Amino acid sequence: MLKPWKILKSKYLHKDRWLTLRADTCETDTGTTIDPFYILEKNDWAHVVGFDDQDRVLIVRQYRHGSQTICAEVPCGVIDSTDSSPLEAIKRELLEETGCEAERFESLGEYYANPARQTNKVFSYIAYNVKQVAAQKLDETEAIEFEFVDLPTLAKLIDSGEFSQSLHISSVLLALRKRNMLNNF
């Protein structure tokens with residue numbers, strides 16, 4: 001029967017607004033010691049797969065320095081301590097990144113980003129009848145373009161690698177399944 005590891009010791013190696021890195025000394029249920037085992041402590045994230053009244057999906061494009069590429073994604077962001085809930089966080093991010101709002105939101109669930117090494121979860125939502133109601137409100141580090149694309153275009157973006165963030169692809173697939181649209185993809 002599987003059992004969690006025991007944490008014998010923890011030490012923070014780095015902590016700032018961008019990254020918290022912890023080194024744990026762990027003991028497995030068979031008595032093997034692992035030292036160090038690195039853990040990234042991160043805030044939870046939220047994604048939204050937004051559909052307009054023509055069933056097109058709202059995507060954003062922005063530079064991602066880790067891969068040094070311009071990526072197509074769904075609107076997303078970190079859930080801040082000032083957000084009252086993951087849903088409020090995604091409503092804020094949607095409005096900030098695109099100036100859009102939605103008639104209705106539905107949860108697609110919460111999932112770990114990488115349970116092997118990270119503490120955070122991703123909260124995914126589907127948004128219905130998304131439309132632009134305001135200008136973007138980007139911070140000084142952001143440059144984001146956005147557009148609504150049909151499903152064949154979205155599939156081409158994924159196939160080409162331009163829409164390459166695996167967690168975002170997962171959110172898209174969950175949304176399409178929820179809407180019984182996987183056969184159209």
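This is a predicted model: local features need pLDDT of at least 70, side-chain atom pairs count only at pLDDT 80 or more; totals for chains, interfaces and linings use all residues.

Guide: Residues are numbered from 1 along each chain as its sequence is written, and side-chain values use heavy atoms, with hydrogens and water left out.

Visitor: How many helices and strands does the protein have?
Guide: Helices (H or I, at least four residues) and strands (E, at least two) are DSSP runs, numbered from the N terminus. On that basis, the secondary structure comes to three helices and twelve strands.

Visitor: What percentage of the residues count as buried?
Guide: Buried means under 20% relative accessible area, exposed means over 50%, and partly exposed is in between, using a 1.4 Å probe and protein chains only. The protein has 185 residues, and the share of them that counts as buried is 37%.

Visitor: Why are the buried residues of helix 2 on the same side?
Guide: The buried ones in helix 2 are L151, L154, A155 and L157. The arc is that of the directions from the helix axis to the C-beta atoms. These residues share a side of helix 2 because they cover an arc of only 160 degrees.

Visitor: And which exposed residues does the face turned away from the buried side of helix 2 carry?
Guide: The buried residues of helix 2 pack against strand 5, strand 12 (145-149) and helix 3. Turned away from that buried side is a face whose exposed residues are K156, D159 and S160.

Visitor: Which residue's side chain is joined to that of R92 by a polar contact of 2.8 Å?
Guide: R92 lies in helix 1 (residues 86-98). Contact means heavy atoms within 4.5 Å, and leaving aside neighbours within four places in sequence, R92 is in contact with V78, D80 and D83. A polar contact is a pair of N or O atoms within 3.5 Å; within protein, one must be able to donate a hydrogen and the other to accept it, and residues adjacent in sequence count only if both atoms are side-chain atoms. The partner in the 2.8 Å polar contact with R92 is D83.

Visitor: What separates the C-alpha atoms of E96 and Q136?
Guide: E96 is also placed in helix 1, and with residues up to four places away left out, E96 touches Q136, K137 and L138. Although E96 and Q136 are 40 residues apart along the chain, their C-alpha atoms are separated by 5.3 Å.

Visitor: How far away is the nearest cysteine sulfur to C76?
Guide: C76 is buried, with a relative accessible area of 10%. A disulfide is a pair of cysteine sulfur atoms within 2.5 Å, and by this rule the count comes to zero. For C76, the nearest cysteine sulfur belongs to C71, at a distance of 10 Å.
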